[in-house]
Amino acid sequence: MASYLIIVPLAGTLAAFLLPWDRLRPWLVAAVAATHLVLAAMTIASGDAGLDSEWLRFDALGRLVLLIISTLFCICALYCIGYLRLRAERPNRVFCTALLFFLGMTSLVALAQHLTILWVAMEATTLATAVLLYFNQNRRSLEATWKYLMIGSVGIALALLGTLFLAYGARLGIGEPTLLFPDLVRRGAQLPAPWVRTAFVFLLVGYGTKMGLAPLHTWKPDAYGEAPGVVGALLAGGMTTCAFLALLRVYGIAAAAGQGVFARGLLVVFGLLSMATAAAFMVGQRDFKRLLAYSSVEHMGILVLGIGIGGAGIFAALLHTVNNALTKGVLFLAAGNIHRAFKSKRLEDVTGALRRLPVSAGLFLAGFFAITGSPPFGPFVSELSVLTAAMDHRRYIVAALYLILLAVIFIGMGSTVLAVVQGVPPEDPEGRTFRESPFKTLPIIASLALVVMMGVWIPEWISTLLHDAARLLGGS
Amino acid sequence: MPPIADSILILLLLTNFFILGTANLRSAIHGVALQGLLLGVLPLFVESHPTLRLVALVVATAAIKGVLIPTLLMKALRDVHIRHEVEPYLGFIATLFLCAIGTALALLFADRLPLSAIDRTGLFVPASLATLFSGFLGLTTRRKAISQVTGYLVLENGIYVFGLLLYQSMVVEVGVLLDLFVGIFVMGIVLNHIQREFSSLDTERLSRLRE
């Protein structure tokens, strides 16, 4: 059954490319997304390990990432029906094809148990997202796409070198250059330390670039700022989650090779640096889509910080991966609606969104409270768990910096978000062209409902999945 | 490690300097094509038994890195009617000097890594690191989008050299090559659009998006 998780999106990719009708294609994307979600749920419920192969197999981490991607993609696909109807003047063949290819490749990332397969799939998602970024086909999106392509390609190239280093270390230490995660983790003690360390640094920089950790985040504000909201959601919740999974796999190997302390030290530094960079650029930010990009930098920082703390921090980071993806869905899609309605994303032009777009602006505001860690939303629980994990491990300075940065970000992000939603909307000379239809709001509401659910009550099976995944990484 | 392989690697290092030192975009692309061909024949001197896989790897590498990608770049260069000068941010002498320092450091660093006895005598590891570094230099010090792509290709070539050390296990070389090819293809399309929108391939023009 698990093989269909790849086959269905790829068949959909082909179908979307061949289908001659622009109006029908978004429905095809949504149908494939819904099928994928059902298949993913069945795979997870049945405990199906996946294909009969050492290379492609689901473990708890893979299932967790699959669940996140499939849910987020389904929400985005439903939203796309409304979005692409609004942008009917633009051909959507390439866009829909790239969307489904993205789904297939991210599923492959979740399934991969071999470092090279993982790398090939990550590279393929890079190319698919480059195409998605260029949907608007203007100068600004061109610039963003070029930067994304160059920075992303170099990052992914460095990740390949790190992969090869690890294989070389395996050949020296184990005698055969295996790149299967279970092998490398089981026989980690035999890996030579210098190669593991060098490989970890290269892989951290490589996949860290894809995650958008500071100082490797420079593509992010441009890409998220210029991409359609739905692409921003898929990047911030989907692709970065895949890159984080790649990093987690590598961390698992480093920890098994006795380099856990070295790796965690680096992760704490990158985590805090990302949060600090995000805070610096979020205060006084005049562009609400770039604001969300920096928020993504911040939350990638929280994820690696949680892993860097270790122990209970690993569970907290994994929980936050779920919460971050769902909340990013709310924020980017709502921001997309506001951007469409006001035809601008600068604070100079956008005020009083609550009056003009009560639902979208309300969701945007709720998304802001959620992502900054206010109860009763999911991120409150996971961000608090990272803090308690830091206190438990007596990392008081880390905990203090974490709290201070969260507070600064809350204030910085709040002032921009409030400026968007409050006040009186400017006169619209062209009349109201944008209306909040169910397709443009219901998917966001569904996403927010999931965020609330994760904050109030985490279903038993998700909690089990999270604990199993954390145990794979030596957490609890 | 047979001496022929080392001679090829020395040639590879020389092409690094050539690519960074030439003022002409066309020659830089020729340099990249030469590197691709050198990398294509390199496996013949690593693996002595002529297996089908070896032949396939040699043909695929030489065809993609040595012919196909350079042809695409040449076509891009012809299509866009730009002046064929490289226009670096950093002067040629300075870049070459940095490249020399990088090559020396790569030799020193490779010496400190634990290598198996066979690999220690060969030049694979230092050549790989030095090529990686010179690719990075080309990528960061040039203004034209095409020079950035050639820099990226040199960087990839450096990684490929290291990959040959793991010839026995390089199971998915083809996937890697294919990814590279598609990547360059997408870059080519974007290049074309940049040219159409800005009437230039100077990345200085790509500076609207900033804080």
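Visitor: From the N terminus on, how do the elements of chain B run?
Guide: They run α-α-α-α-α-α-α-α. Keep in mind that this is a predicted model.

Visitor: How many helices and strands does that make in chain B?
Guide: Chain B has 8 helices and 0 strands.

Visitor: What makes α1(B) and α2(B) roughly antiparallel to each other?
Guide: Look at the angle. Helix α1 (residues 3-21) of chain B and helix α2 (residues 25-41) of chain B pack at about 165 degrees, with axes 9 Å apart. Angles over 145 degrees count as roughly antiparallel, and therefore α1(B) and α2(B) get that label. Their crossing is left-handed.

Visitor: Which residues make the contact between α1(B) and α2(B)?
Guide: From α1(B), they include B:Ile8, B:Leu11 and B:Phe18, while α2(B) brings in B:Gly31, B:Gln35 and B:Leu38, among others. By class, that contact has 10 nonpolar, 3 polar and no charged residues.

Visitor: Why does A:Thr43 count as buried?
Guide: Just count its neighbours. A residue is buried if 20 or more other C-beta atoms lie within 10 Å of its own. A:Thr43 has 23 C-beta neighbours inside 10 Å, so it counts as buried. You'll find A:Thr43 in helix α2 (residues 25-46) of chain A.

Visitor: What is A:Thr43 in contact with, leaving aside its neighbours within four places in sequence?
Guide: A:Thr43 is in contact with A:Met1, A:Ala2, A:Leu5, A:Asp48 and A:Phe58. Each such pair has its C-beta atoms within 7 Å.

Visitor: How many residues does the largest nonpolar core have?
Guide: That core has 244 residues, and A:Leu132 and A:Ile338 have the most contacts inside it. Not counting residues up to four places away in sequence, A:Leu132 touches A:Phe95, A:Ala98, A:Leu99, A:Phe102, A:Ala227 and A:Val231.

Visitor: How many residues does the contact take from chain A and from chain B?
Guide: It takes 32 residues from chain A and 34 residues from chain B. On the side of chain A that touches chain B, α6(A) gives the most, with 19 residues. The residues of that side divide into 22 nonpolar, 4 polar and 6 charged.

Visitor: Back in chain B, what share of its 211 residues count as buried?
Guide: The share is 41%. As for contacts in chain B with a separation of 6 or more, residues 24 or more positions apart account for 75% of them.

Key: Residues are numbered from 1 along each chain as its sequence is written. Chains are lettered from A and ligands numbered from 1 in the order in which they are written. This is a predicted model: local features need pLDDT of at least 70, side-chain atom pairs count only at pLDDT 80 or more; totals for chains, interfaces and linings use all residues. A nonpolar core is a set of buried Ala, Val, Leu, Ile, Met, Phe, Trp, Tyr and Cys residues joined through C-beta atoms within 7 Å. A residue is buried if 20 or more other C-beta atoms lie within 10 Å of its own, exposed if 12 or fewer, and partly exposed in between; C-beta atoms are placed from the backbone. Two residues are in contact if their C-beta atoms, placed from the backbone, lie within 7 Å. Axes are lines fitted to C-alpha atoms, for helices over the stretch in contact, and angles run from 0 to 180 degrees between N-to-C directions. Helices (H or I, at least four residues) and strands (E, at least two) are DSSP runs, numbered from the N terminus. Angles under 35 degrees count as roughly parallel, over 145 as roughly antiparallel, 65 to 115 as roughly perpendicular and the rest as oblique. A crossing is left-handed if the near helix is turned anticlockwise from the far one by less than a right angle, and right-handed if clockwise. Ala, Val, Leu, Ile, Met, Phe, Trp, Tyr, Cys and Pro count as nonpolar, Asp, Glu, Lys and Arg as charged, and the others, Gly among them, as polar.
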